Amino acid sequence: MKLKKQVTVCGGAIFCVAVFSLYLMLDRVQHDPARRQNAGNFPRSQISVLQNRIEQLEQLLEENHQIISHIKDSVLELTDTGAVAPSGQLPFRSANGSWVLPFDGRPTFLSVMPQDCQFALGRRKDTELQMLDVYSLLNFDNVDGGVWKQGFEISYEPNEWDKEPLQVFVVPHSHNDPGWIKTFDKYYSDQTQHIFNNMLVKLAEDPRRKFIWSEISFLAKWWDSVDTQKQETMRKLILSGQLEIVTGGWVMTDEANVHYFAMIDQLIEGHQWLEKNIGVTPRSGWAVDPFGHSATMPYLLKRANLTSMLIQRVHYSIKKHLAFSRNLEFMWRQAWDTDSSTDIFCHMMPFYSYDVPHTCGPDPKICCQFDFKRLPGGRVNCPWKVPPRAVVEANVAERATLLLDQYRKKSKLFRSKVVLVPLGDDFRYDKALEWDQQYLNYQKLFDYMNSHPEMHVHAQFGTLTDYFNAIYKMNGVAQGARPPDYPVLSGDFFAYADREDHYWSGYYTSRPFYKNFDRVLESHLRGAEILYSLAVAHARHLGMEGRYPVSDYTFLTDARRSVGLFQHHDAITGTAKEAVVIDYGTKLLRSLMGLKKVIINAAHFLILKNKDLYRFYQTEPFLETDDRRATQDSLPQRTLIELDPSPRYLVLFNPVEQERLCVVTVLVNTARVRVLTEDGQTLPAQLSAQWTSPSEMSPDGYQVSFMARLPALGLAVFHLYDSFDSPLTLRSDAALRLNGRGLTVRGVDPLPLRTLAADERRFYIHSQSLTLGFSGTTGLLESIRRKDDPQEVRVQMEMLIYGTRPSKDKSGAYLFLPDGKAKPYTQKERPVVRVVEGPLFSEVVSHYQHFQLTVRINNVPGVDGLSLDITTLVDIRDQANKELAMRLVTDIQSKDTFFTDLNGFQIQPRRYFKKLPLQANFYPMPTMAYIQDTQYRLTLHTAQALGVASLDSGQLEVILDRRLMQDDNRGLGQGLKDNKRTANKFRILLERRAGHAGFFATVSFLFHSLISYIFGGGAQEVTFGPISFPSLLSHMTSAILNHEVLALPVVPKKRGVPPLRTFSPLSAALPCDIHLLNLRSIQGQQEHVPSPYTALILHRKGLDCSLEAQNPGFNCSTTQGRLAIAGLLQSLDVHLLQPMSLSLMFSSTPLTNTSVIHLDPMEISTFRIKLR
């Protein structure tokens, strides 16, 4: 202990000297007028000397930071483990009531380099359009704009195009939903296949005809069903430029609820299909139907080497504002970008919809007359009562003049004399007649316009990229470059309203059961990809490729496509018909079962000590699955592990790229259970009950929980026994607060069960890290106190109900139209509250009529023990037009500001606006939302996308489920009445601001700002953009919530189980701000067989270091984004390391396999590697 004190004092002294030196230098530079005046004219020798000194000082600062960090963590270790019983002793209760465990005592440290903290504080160039500022500026008043109801009158001078004619690109398209009113397969057979078949014939009739196509899921299905002649015709149309593939994703993805893993995966699946079958690379993005747009999408498209993009569904007031200032085309930049490297050119469509009446110009009554599918005698007509007329010689002049007027008015909203006119709608061009109606009539109009110079127009069919290229050419810039005087925009476009106060914020929560199922499947897909790639690489390395089931690649392909399909903007959104939802669910369940086979087969191979003993039998799996789902709409049930006196092996898979110390729970058939590590050490375990009702234990099995340390991305082996001698297996203490309810109480031997008298006073549960207070009346959370904080922080949980409006416009699958503020959830009888306490976890379960709410804390050091594990089991199937919400009420002074994530990739600051209706203040929350002040940050982490708001200072609320009895008039034709029993999972993380934690970053930032100033570094351009980042602990908490440990029991063998050993794939820990997004086996030329190459996809996360650092329970350090690839994987060599575009379509020069790669903060990069 004396030595520790000496080290602390010594380190502190060194640190003080370094900081004082820095202060003197800063002070000297600031007060030396000669230096200030000659800032830009330093002699080169002085600059060189100063640069050297700066580097030395930076290095000193960094070294001192690491020393202090190590000292702090040594102290943390002492406080964390000082009271821990020696190994082999029993857990015991400390004075405050928390359990103290025997712990492996392995030293752990957290070391974040100061430079890695700078990015969050860093310098940003100002953008002309910041969407938070735009929201503050607008009145959202919805004034009648005349023929363009949501806009304004547009006028022009007839001679404006005399010197430079107007260029018009009419872009025929057909929007094909891969499931909505009909299933994917039904749409294909009824309509989509005919669109493709007619396309081959009709485009070939005239080389001037153009078309664009987006959804590769449909194209792939058609391709597989036709002969090689049709395939070749299609290929020629695409390669010649007559048919353009836009975006090229598997679907046109939703942008609110989707996770960036799935956004990227469906983009890769589409692009890989195109590369293999067509040999074309998409250049332009096309998103006309997602219900609002995320800033993540432009980043991903840019990283995939697309140069331009188009969006449509944006709030009508924002469209009007941007149109008025001619800012509908802009460079879309990430808010966190320190330069312009993320810029992508974006076109926003100005009017109400992407259909023909709303695309030729501002007057839908006129534009509808040029949708020739609506010619009299057809099934579709014009609501404005003026039908189209076929173009003939007698009317062509009048028709062309009328249409040109609309083109000119539309062009006045943009900065160039090039106008884009989409020509299409949902499932258009499925009949040969429409191809003739549209193309022949428009060609007559074009011919007339182009042959009359006095009209000063050149009109033609074009593709999306034709239009963008014309913009770039007119402005004299390269493809994708910023044209002169075009604005830069940052931010996103949620929430979306298409008219009046009809905000599309309901779909953020609609059908939450499937939103959760999707996230479970994504985690399994990522885990299966990683294990499969590693297993195949090891099999190749050992010359055993022929014995390994490489054909499991079929399951991966199926799952990629099922996950991709579900990212469609009518799937994960919960906005499809009930029969279509069942079809999606069936596909998801089939893929989940396939992925479990991939994981089991890979784990089997990787954990065998002697690979020569490996035998694969399709009908005899080596491992069981961790859980089972009986149907696509049922919750998973844990696998029961049958124990006897001989060892039963359990394999645990950790899908996270960091070592993990966590509580693992499995279901066993006996209370006499003993848990051992691979090397025979007995682990502390907690025995607890299964419950058949709020007050009755189940006799059919016990839950056993134990603390496991698992290798990063690895497989650990444990032994379970039915043993009379299990001193480290302790029973949970369960107590029921029946609150006067006359319920049957049933315990199961040997688990104690007590009933407590009604008591309205607050009660508490404890761990070594946290103390939680609960209401004696409701059983709901009321307070959190961290062990290192004397202050008990109010975090009060409330359950609320929203109704819907009594008027004709009501909430539905898309829209949230509440009947006012939420009302408290009430029920006649008081809830039954169950309190379970034990050495490894404690929990409070509150049973209400429509939900069961569980708050659990795990009593382990590190990430798993620093947050509250929340599960809400919701069942509102007997409700009508009700939405259930959970609200957290705190004393945090967050005012009108809160933060939500975009797609799990980045954080978007939000503001509550009183001028907007309640429903407009809800936002998507795919993985987290937080509120903060100068003292605390409270983060609600989620394992499924839901809608979230902060309607008052210190509050966060989330909609858990919604049951709505009517359609909301957006085309679905149904309400939301197919609700399921749904388990929503969350983690609540309370973090405290730290003075010293932010000090290094602040000093370092000031230091670099000063140097920029000294060298004339354009300090005037620097502003603080609206950015925020999670802490490192918050990133880790999100990772463990979204990637649960998979428990895989080894199937008992008659001949015994061969020797097993833990599989640790990494030879060194990854920097803990780098996330392994995927390790994806790349397709081969043969169907269902992978190539020898693997895609390594990495993401370096942005960090907020101003929150108190917590011991994560494992060694964690950052490296300024540097990662050595050589030797990263144990027993495998990297034979190729080639930087690629995000979706693998563009390649750079291969690096040496000993290369150290570098990632900037927030950067996602893809590498093609070859492992042997």
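1. Start with two tyrosines. Tyr 825 and Tyr 848 are both buried. This is a predicted model. The ring centres of Tyr 825 and Tyr 848 lie 6.0 Å apart, and their planes meet at 75°, so the pair is edge-to-face.

2. Tyr 532 is part of helix α16 (residues 512–541), while Tyr 548 is in the loop between α16 and α17 (553–566). The two are 16 residues apart in sequence, so the pair ties those parts together.

3. Are Tyr 532 and Tyr 548 buried or exposed? Tyr 532 is buried, at a relative accessible area of 0%. Tyr 548 is buried too, at 4%. The cut-off for buried is under 20%.

4. Check the aromatic cluster next. One cluster is formed by Phe 211, Phe 370, Phe 372, Tyr 429, Trp 435, Tyr 439, Tyr 442, Phe 446 and Phe 461.

5. Two arginines deserve a look. Arg 937 lies over the face of Tyr 930, 4.0 Å from the ring centre. Arg 1168 places its charged end over the ring of Tyr 1093, at 5.3 Å from the centre.

6. How many residues of helix α20 (residues 1032–1042) are buried? The count is 11 of the 11, so the helix is largely enclosed by the rest of the structure.

7. Last, a loop threonine. Thr 670 sits in the loop between β20 (660–668) and β21 (673–677). Its relative accessibility is 10%, so Thr 670 counts as buried. What does the side chain of Thr 670 reach at 3.0 Å? It reaches the backbone nitrogen of Arg 672. Leaving aside residues up to four places away in sequence, Thr 670 touches Leu 643, Leu 687, Tyr 702 and Asp 722.

Methods:
Residues are numbered from 1 along each chain as its sequence is written. This is a predicted model: local features need pLDDT of at least 70, side-chain atom pairs count only at pLDDT 80 or more; totals for chains, interfaces and linings use all residues. Side-chain values use heavy atoms; hydrogens and water are left out. Buried means under 20% relative accessible area, exposed over 50%, partly exposed in between (1.4 Å probe, protein chains only). Helices (H or I, at least four residues) and strands (E, at least two) are DSSP runs, numbered from the N terminus. Rings of Phe, Tyr and Trp (its six-membered ring) pair if their centres lie within 6.5 Å; planes under 30 degrees apart count as stacked, over 60 as edge-to-face and the rest as tilted. A charge sits over a ring if NZ of Lys or CZ of Arg is within 6 Å of the ring centre and within 35 degrees of the ring normal. A polar contact is a pair of N or O atoms within 3.5 Å; within protein, one must be able to donate a hydrogen and the other to accept it, and residues adjacent in sequence count only if both atoms are side-chain atoms. Contact means heavy atoms within 4.5 Å.
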